[in-house]
2 protein chains.
Amino acid sequence: MFSYVPPIDDYRFLLTEVLGFDRAMAEMGKEVDADLAAAVLEEAGRMCADRLHPLNRHGDEEGSRLVDGLVKTPEGFADAWRDFAAAGWASLSADPAYGGQGLPFILQLWLDEMLAATNLSFGLFPGLTRGACEAIMAHASDFLKATYLPPMVSGEWTGAMALTESGAGTDLALLKTKAAPDADGSYAITGQKIFISSGDHDFGGNIVHLVLARLPDAPAGVKGISLFLVPKYLPDADGGFTIRNSMSVGALEKKMGIHAQPTCVMNYDGATGWLVGEPHKGLAAMFTMMNAERLMVGIQGLGIAGASYQQAAGYAKERLQGRSADGARGPVTIIEHADVRRMLLNIRAFVEAGRALAGWTALQLDRAHHHPDAAERARADALVALLTPVVKAAFTDFGFESAVQAQQVFGGHGYIREWGMEQYVRDARIAQIYEGTNGVQAMDLVGRKLPMAGGAVVEGFFALVEMDLAAAEGLNIAAKTREALALLRGVTASLRGAGTEAAGAAAVDYLRLFALVSMGWMWTRMAAAAQGDAPLHGAKRAVADYFAQRMLPQAQGLAVGIAAGEATIMALGAEAF
Amino acid sequence: MFSYVPPIDDYRFLLTEVLGFDRAMAEMGKEVDADLAAAVLEEAGRMCADRLHPLNRHGDEEGSRLVDGLVKTPEGFADAWRDFAAAGWASLSADPAYGGQGLPFILQLWLDEMLAATNLSFGLFPGLTRGACEAIMAHASDFLKATYLPPMVSGEWTGAMALTESGAGTDLALLKTKAAPDADGSYAITGQKIFISSGDHDFGGNIVHLVLARLPDAPAGVKGISLFLVPKYLPDADGGFTIRNSMSVGALEKKMGIHAQPTCVMNYDGATGWLVGEPHKGLAAMFTMMNAERLMVGIQGLGIAGASYQQAAGYAKERLQGRSADGARGPVTIIEHADVRRMLLNIRAFVEAGRALAGWTALQLDRAHHHPDAAERARADALVALLTPVVKAAFTDFGFESAVQAQQVFGGHGYIREWGMEQYVRDARIAQIYEGTNGVQAMDLVGRKLPMAGGAVVEGFFALVEMDLAAAEGLNIAAKTREALALLRGVTASLRGAGTEAAGAAAVDYLRLFALVSMGWMWTRMAAAAQGDAPLHGAKRAVADYFAQRMLPQAQGLAVGIAAGEATIMALGAEAF
């Protein structure tokens with residue numbers, strides 16, 4: 001296995017030449033510039049490459065295990081976690097009021113890329129903790145915030161999100177876990193949750209579960225769900241947290257991948273918890289943090305794609321098989337073969353455009369929180385809402401496809417465990433499923449996001465894209481993206497007011513078309529910025545051209561398929577399947 | 001996990017209403033009709049569903065292990081193998097001269113589908129044995145044939161193919177295993193082979209390895225490779241096979257999937273072997289059986305796709321989540337949701353067209369061997385050669401994508417092992433790699449098959465397709481397939497005389513376009529035949545329409561991408577990757 005090279009040059013290119021990072025930070029009154037940002041990313045990248053990447057294969061082999069009812073993570077994980085937290089990586093973007101460093105979300109998202117690239121199982125620990133912190137910060141009482149946030153922000157404690165039950169996954173309306181009020185203002189939580197990432201571990205410290213449950217008087221359905229903070233250890237009389245709460249790990253899920261990550265079946269047997277936010281408003285509280293969480297999951301797909309690209313490119317430059325195109329030399333390194341390059345370019349064209357698009361979206365999230373002008377904040381917030389399902393679903397779909405292609409470069413050597421390529425495929429697969437399946441994301445885009453503000457948000461986004469394409473007129477990538485944008489606008493109009501079946505029939509293909517246009521937009525911006533002689537500039541122009549010629553043409557078939565409507569999908573009776 | 005339902009109704013529909021099985025058999029003078037064929041398939045299906053399907057999950061969990069240097073297959077496999085052989089399933093299509101039943105290859109291929117659908121790891125044992133038998137039959141001496149074929153045909157013994165070495169995979173020119181002649185006419189084989197499926201097992205009986213190696217005076221490259229028969233047990237003086245040959249299992253490969261299949265690293269330490277065919281002509285001897293083997297691997301992808309469809313459809317008809325499209329009912333079974341149907345229809349539109357195309361190709365293979373007219377035999381043989389890489393690569397690509405989509409229908413439950421969906425994904429992945437990676441198949445199609453007879457073979461195929469499309473005029477699927485065929489003809493013309501780089505840049509997308517047209521052709525034939533009132537007829541027409549409207553449109557983007565040529569792929573220097 002080759003070492004991981006953090007994409008610092010690409011981050012720097014995006015910060016300084018494409019995304020206007022310094023200007024954006026200045027607008028928000030943040031005292032951080034591209035040099036500082038790149039230095040932070042470089043340091044983070046070193047930690048990921050040197051500490052987490054070497055643990056990844058081993059973590060997969062050993063896996064997390066349940067020993068006497070407690071989780072034992074693979075050798076090295078607990079030490080790595082403590083070092084990770086001590087170096088401040090757990091608190092990078094957290095609120096300084098609770099000990100965070102308040103750095104912009106774009107740095108957090110790119111750190112998440114490198115975490116996923118080097119060790120997805122590990123990366124879920126800080127990811128879930130951050131999600132839990134955000135929900136607590138936005139909705140919990142001051143007392144809960146003061147008690148739980150500082151040690152969670154520092155990484156002394158971790159967090160977990162307990163939503164899913166065996167009968168309630170996508171449809172949380174069906175969940176059954178109960179919360180009974182106690183006289184002291186706390187609640188007794190009873191029920192079983194499944195698929196709980198980071199539900200338990202052996203890193204030391206408390207584990208703070210946010211659990212969805214129903215109060216006794218709760219209305220049926222999603223309007224009767226409340227959110228509770230349920231810690232593994234309860235406070236004792238001395239202010240310590242030493243009393244085991246009535247919750248336990250029923251089992252570890254046996255999964256296709258992310259073996260080092262302890263995905264728990266959790267049993268809450270009258271566990272003590274406290275209400276977070278209003279009664280019956282738990283789902284809304286949970287959705288507070290959904291945008292950031294879903295962007296994080298999207299970047300997981302991208303991170304694994306980037307890592308698998310590095311491995312495949314490294315292998316292709318060493319592996320000798322076959323003869324040169326003119327037949328004169330042999331054996332040659334397989335990087336000489338056009339089909340191997342095609343696979344690598346497919347991955348790279350996604351990874352670099354996705355990295356730029358993620359960065360752009362993260363900057364909008366920063367604007368949504370920190371811009372001084374309320375109208376700008378609202379505008380940025382709407383753009384993030386629009387792009388979030390696209391980033392989550394498209395990046396994880398392309399991410400998985402990328403890992404599969406990178407594995408293919410290795411031939412039979414990709415199918416055996418030795419090189420770690422099959423682990424990338426197994427690990428990447430989860431990101432298409434959790435945090436809302438990609439089908440759910442697509443329905444979110446078509447059913448909820450397109451209609452925002454009567455369609456004005458998506459039209460505003462298209463206008464933004466159009467402007468950048470116009471500014472880059474003359475570039476092939478700009479012309480091709482404009483053609484694809486026209487197709488996208490056409491099907492967007494046709495989906496206005498679509499019913500549930502029409503939306504569902506179109507959604508996944510629509511999201512992919514939307515993502516292709518968005519990536520074409522980013523390739524246009526990158527190519528326009530990369531008109532110099534530097535090798536990085538030349539490579540950007542070449543890959544932009546590849547994307548325009550080989551990947552964007554998929555837009556046509558997608559648009560035709562979407563236009564076909566739902567009749568052909570709903571024609572068969574359920575019994576005929 | 002749901003039980004497996006063999007697709008006997010679909011086989012019967014294809015035999016009687018689409019492929020003209022009875023007429024084809026009569027032409028070849030074979031005394032088998034559709035009724036008998038369906039009865040054989042039904043019996044085979046029962047064995048697969050009742051014996052092999054229940055072993056599949058357990059086989060994955062236990063895996064094959066190496067115990068004291070010998071392979072121990074999972075509990076139940078050895079018994080299943082003996083019953084499989086005793087019932088005659090190992091000898092279905094084999095030459096009656098050696099104890100085979102001489103049934104047509106189309107039945108063999110569809111048996112292979114059901115084997116892959118229920119237990120791919122198991123199915124590789126008869127598959128490899130059959131391949132080895134074919135090479136021996138075509139090239140070995142009468143003595144070797146008389147000695148080895150009868151027990152291999154009956155399934156008392158099994159076969160294995162030992163080609164790959166760690167430095168020689170796709171490029172067999174690089175292989176280093178040596179064969180030194182002994183005075184008695186045998187050879188001492190020395191070298192290490194990797195990725196050897198069914199290299200050892202505990203079923204009892206001999207294991208006959210066909211090993212590629214170099215003679216002392218061999219020319220360099222592929223023209224210096226010879227083929228040797230190397231049995232695990234050598235003949236003793238009493239006519240038994242009791243003497244252990246100097247060959248051993250060095251290790252079992254740790255793989256992503258097919259865990260029950262013992263994929264061996266084999267060490268030959270001066271092992272005794274006998275030359276099969278002419279010296280230095282081993283590669284040609286090996287390629288004798290390539291068409292049938294590659295068709296078998298193609299159908300493996302299809303088999304897993306069909307099995308995963310059944311599981312996903314079964315789950316979708318039971319799993320309750322979400323509300324009906326009008327919001328009035330909830331929770332509803334997820335088969336009501338359009339996006340779930342879309343995923344299922346994607347799989348089904350591939351599986352049923354692929355099953356038809358595989359059947360058509362298998363009938364051509366039967367014609368190539370058994371038709372009384374030499375010109376017809378040659379014509380059929382050329383069509384098989386043309387279609388073989390398409391079936392191998394496209395079916396395994398669509399097969400893998402199908403398994404992934406079926407897994408997606410299960411949401412989080414698809415990612416954990418319980419339902420077996422992630423096993424389908426892991427198992428299906430190998431078929432895209434072994435027996436020549438799908439990139440190699442695509443290069444075979446573009447570089448070797450398109451130029452056959454100066455392009456007359458592919459033109460003849462297009463003419464065949466065109467004729468069937470014309471006969472079905474008025475059907476939407478026929479009209480859409482004609483459009484896609486026009487695109488395919490255009491890029492086929494543009495690839496005439498293409499250099500290696502141009503061919504490599506186009507090959508994978510070209511093969512997929514070719515497969516889409518071929519499936520459109522089969523959907524046209526099926527829809528044309530399915531104009532009755534029976535539910536199966538109605539379903540065929542509906543799925544044909546889905547294929548036309550939602551899958552065939554991909555053809556456009558593929559044609560545009562292919563037309564872009566190689567410049568954009570070769571633009572970057574190797575160091576820039």
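Buried means under 20% relative accessible area, exposed means over 50%, and partly exposed is in between (1.4 Å probe, protein chains only). This is a predicted model, in which local features need pLDDT of at least 70 and side-chain atom pairs count only at pLDDT 80 or more, while totals for chains, interfaces and linings use all residues. Residues are numbered from 1 along each chain as its sequence is written, chains are lettered from A and ligands numbered from 1 in the order in which they are written, and side-chain values use heavy atoms, with hydrogens and water left out.

**Stop 1: a strand in chain B**

Select residues 158-162 of chain B, which form strand 3. Helices (H or I, at least four residues) and strands (E, at least two) are DSSP runs, numbered from the N terminus. Is this strand enclosed or open? 5 of its 5 residues are buried, so strand 3 of chain B is largely enclosed by the rest of the structure. On one side are Thr158(B), Ala160(B) and Ala162(B), on the other Gly159(B) and Met161(B), and all are buried.

To see one position, select Ala160(B), which stands opposite His209(B) in strand 6 of chain B.

**Stop 2: a stretch of chain A**

Select residues 160-269 of chain A, which UniProt lists in an unreviewed entry as "domain: Acyl-CoA oxidase/dehydrogenase middle". UniProt positions are given in the numbering used here, feature names are shortened, and annotations may be inferred rather than shown by experiment. In this model the stretch is 0% helix and 45% strand. The C-alpha atoms at its ends are 17 Å apart.

**Stop 3: cysteines**

A disulfide is a pair of cysteine sulfur atoms within 2.5 Å. How many are there over all chains? The count is 0.

**Stop 4: salt bridges**

Side chains of opposite charge can pair when their charged atoms come close. A salt bridge is a side-chain nitrogen of Lys or Arg within 4 Å of a carboxyl oxygen of Asp or Glu. Over all chains, 64 are found.

Select Lys540(A) and Asp10(A), which form a salt bridge at 2.6 Å, N to O. Lys540(A) is in helix 17 (residues 535-551) of chain A and Asp10(A) in helix 1 (residues 8-18) of chain A, so the pair links parts 530 residues apart. Lys540(A) is buried at 2% relative accessibility, and Asp10(A) is buried at 8%.

Next select Arg417(A) and Glu61(A), whose closest N and O atoms are 3.2 Å apart in a salt bridge. Arg417(A) lies in the loop between helix 11 (412-415) and helix 12 (421-431), and Glu61(A) in helix 3 (residues 34-62), so the pair ties together parts of chain A that are 356 residues apart in sequence. Arg417(A) is partly exposed at 23%, as is Glu61(A) at 38%.

Finish in chain B with Glu466(B) and Arg482(B), a salt bridge with its closest N and O atoms 3.2 Å apart. Glu466(B) is partly exposed at 24%, and Arg482(B) is partly exposed at 31%.

Note on methods. Pairing = 2+ DSSP bridges.
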